Amino acid sequence: MPILKADAAACQGYASCVIAADDYFDIDDDGLVVLLSTEVPEADRERVDRAARACPAAALRLEGA
Amino acid sequence: MFDPSDVVDHVRNGMLPAHIYNDSEIFAAERDAIFSRSWVFLAHESEIPQVGDYVVRRVMENSFIVSRAGDGAVHAMFNMCLHRGMQVCRAEQGNASHFRCPYHGWSYRNDGRIVGLPFHREAYGGETGFSKRGQRLLPAPAMDTVNGMIFVSLDPEAPPLREFLGDFAFYLDYYTRQSPSGVEVLGPQRWRVKANWKIGAENFAGDMYHTPQTHASVVEIGLFREPKAEKRKDGATYWATSGGGTTYKLPPGTLEERLRYVGYPDEMVERMKGAWSAEQLDLIGRDGFMVSAASVFPNLSLVHNWPKVADSDDVLPFVSLRQWQPISENETEVLSWFLVDKEAPEEFKALSYKAYLMCFGSSGMFEQDDVENWVSLTATAAGTMARRLLLNGRMGMLPDGSTIAPALGGDEWAGPGESRIGYGEYNQRHLMNRWADLIEAGPARTAAVTVGTPGEDAAR
């Protein structure tokens with residue numbers, strides 16, 4: 001199963017990932033990305049991969065995608 | 001400098017300075033005094049049925065996103081990014097979980113809460129520099145709904161919507177609650193006319209007098225099964241708190257016969273009997289009046305009519321809602337919706353829509369008749385001669401202020417408010433007196449809203 005990874009140090013709080021898939025991503029009070037789930041079922045793979053790639057700071061990666 | 005006393009005294013006397021229909025100073029006063037205070041219609045709930053659905057509408061220049069958030073609640077938010085003021089939503093309608101400002105990328109949930117603020121730490125020093133917690137797009141200062149109609153007011157001190165509408169709510173049900181399920185809407189058609197916004201609002205409020213003249217050709221081609229325009233003087237006009245309208249007198253018959261006469265099928269008649277109060281039913285069944293056009297102050301109008309839709313003698317009723325959105329002193333954007341009872345049979349909905357399109361909307365025959373007058377009137381009102389002329393808007397009123405037609409008694413008119421049979425400009429005067437009161441009161445005072453800082457004092 002593809003695994004979702006986030007680099008909190010790289011996150012700049014754009015929230016592009018939240019807009020694209022708010023069932024997998026959120027932004028905490030400090031303005032940093034929070035993963036709501038790291039295991040991505042095949043059915044969500046394409047959508048979550050697109051959300052990860054939407055990050056302007058390249059802080060997100062879907063491994064095994 | 002604009003002095004409201006130059007116009008309000010005349011208006012209250014039923015005399016209308018012609019220039020108020022094309023005057024930039026008057027228009028500025030209307031923006032500050034009328035549209036900053038009044039309840040203004042924005043959208044109907046059936047336009048945003050699903051979570052994430054939104055429409056973008058305006059009150060004057062003020063753009064609002066009307067959206068249905070994740071919890072199903074409706075929000076009306078000022079469509080301006082808290083940072084540099086860009087519109088965060090540039091589409092007219094759609095479905096979105098979030099809105100992202102195209103300028104610097106700030107983003108907001110569809111309930112208005114801020115989500116993304118790029119480089120919050122580096123650029124602002126985090127929460128210390130810009131307190132992001134709890135920030136949201138400015139909500140409309142006041143928002144409320146009636147029969148699924150979403151209204152906002154820019155005045156946080158506005159009285160509750162129900163109180164503002166007052167007794168007009170009785171009449172609103174004929175248009176927007178023909179069954180417990182209420183209406184669904186189609187539209188809006190949206191177009192601009194080079195006419196002042198008040199003209200349409202006044203016309204729909206009570207101008208039965210123009211029908212035989214302006215709309216003569218519509219009757220001549222047989223759009224109605226009877227010379228309906230000639231019968232307008234048999235109808236009554238009514239005014240109730242913040243709105244009023246016109247009616248037609250129906251031929252003798254029972255409640256059921258009279259509703260069937262204007263084209264409602266039996267199953268819809270049965271639902272009306274379940275949805276309306278005894279008084280609402282009596283106005284039709286006992287008193288024989290059927291609502292037609294109406295206006296709610298300042299710029300919302302309704303219309304109910306029953307033209308022929310085919311070669312047969314059958315008529316079919318339709319209901320439409322419209323807003324006279326002011327663009328300038330000589331231009332108005334008309335937003336026109338088709339309304340139909342949610343529980344109506346599909347065939348009725350389709351034919352009723354056809355009847356609406358034939359009469360009103362950008363292709364409607366009544367529309368084109370009316371607008372030719374209003375555009376011409378507006379253009380002429382810009383001139384210096386118009387500054388001298390006080391138009392006579394006193395129809396139905398004698399020099400001592402008494403009225404020609406007596407107010408109908410409770411045994412003749414089951415509804416609330418004040419009603420009279422025949423031609424008269426009672427309603428236009430009610431509408432314009434309200435206008436004069438607000439123009440005289442002047443601009444509404446409002447407090448500034450600061451964003452992201454603890455407040456002005458701390459900033460100093």
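How much area is buried between chain A and chain B, and what percentage of it do carbon and sulfur atoms give? In this predicted model, the area buried between the two chains comes to about 1300 Å², and carbon and sulfur atoms account for 46% of it. The contact draws on 17 residues from chain A and 17 residues from chain B. On the chain A side, A:Q12, A:Y14 and A:I19 give up the most area to chain B, and together they make up 44% of what that side buries.

Next come the polar links between the chains. There are two salt bridges between chain A and chain B. In one salt bridge, A:D26 pairs up with B:R109, and the closest N and O atoms sit 3.4 Å apart. Polar contacts also join chain A to chain B, with seven residue pairs counted (both residues at pLDDT 80 or more). As for where the touching residues of chain A come from, α1 (16-20) and β2 (25-27) of chain A each give two or more. The largest share belongs to α1(A), with three residues. Sorted by class, the side of chain A that touches chain B holds eight nonpolar, four polar and five charged residues.

Chain B has a meeting place of its own, this time between two domains. Domain 1 covers 40-144 and domain 2 covers 160-441. Their C-alpha centres lie 35 Å apart. Across the boundary, twelve residues of domain 1 of chain B are in contact with 18 residues of domain 2 of chain B. Putting these two domains together buries about 1200 Å², with 55% of that coming from carbon and sulfur atoms. In domain 1 of chain B, the residues losing the most area to domain 2 are B:F41, B:R58 and B:D144, which together supply 41% of what that side buries.

One of those names turns up again among the charged pairs. The side chain of B:R58 meets that of B:E333 in a salt bridge, at 3.6 Å from N to O. Between domain 1 and domain 2 of chain B, the count is two salt bridges, alongside five residue pairs in polar contact (both at pLDDT 80 or more). On the side of domain 1 that touches domain 2, β2 (39-44) and β3 (53-59) of chain B each bring in at least two residues.

Notes
Residues numbered from 1 in each chain as written. Chains lettered and ligands numbered in written order. Predicted model: local features only at pLDDT ≥ 70, side-chain atom pairs only at ≥ 80, totals over all residues. Heavy atoms only, no water. Domains from an automatic or database assignment. Contact = heavy atoms within 4.5 Å. Buried area = accessible area lost by both parts, 1.4 Å probe. Salt bridge = Lys/Arg side-chain N within 4 Å of Asp/Glu carboxyl O. Polar contact = N/O pair within 3.5 Å; in protein donor to acceptor, adjacent residues only side chain to side chain. Helix = DSSP H or I, 4+ residues; strand = E, 2+ residues; numbered from the N terminus. Nonpolar A, V, L, I, M, F, W, Y, C, P; charged D, E, K, R; others polar.
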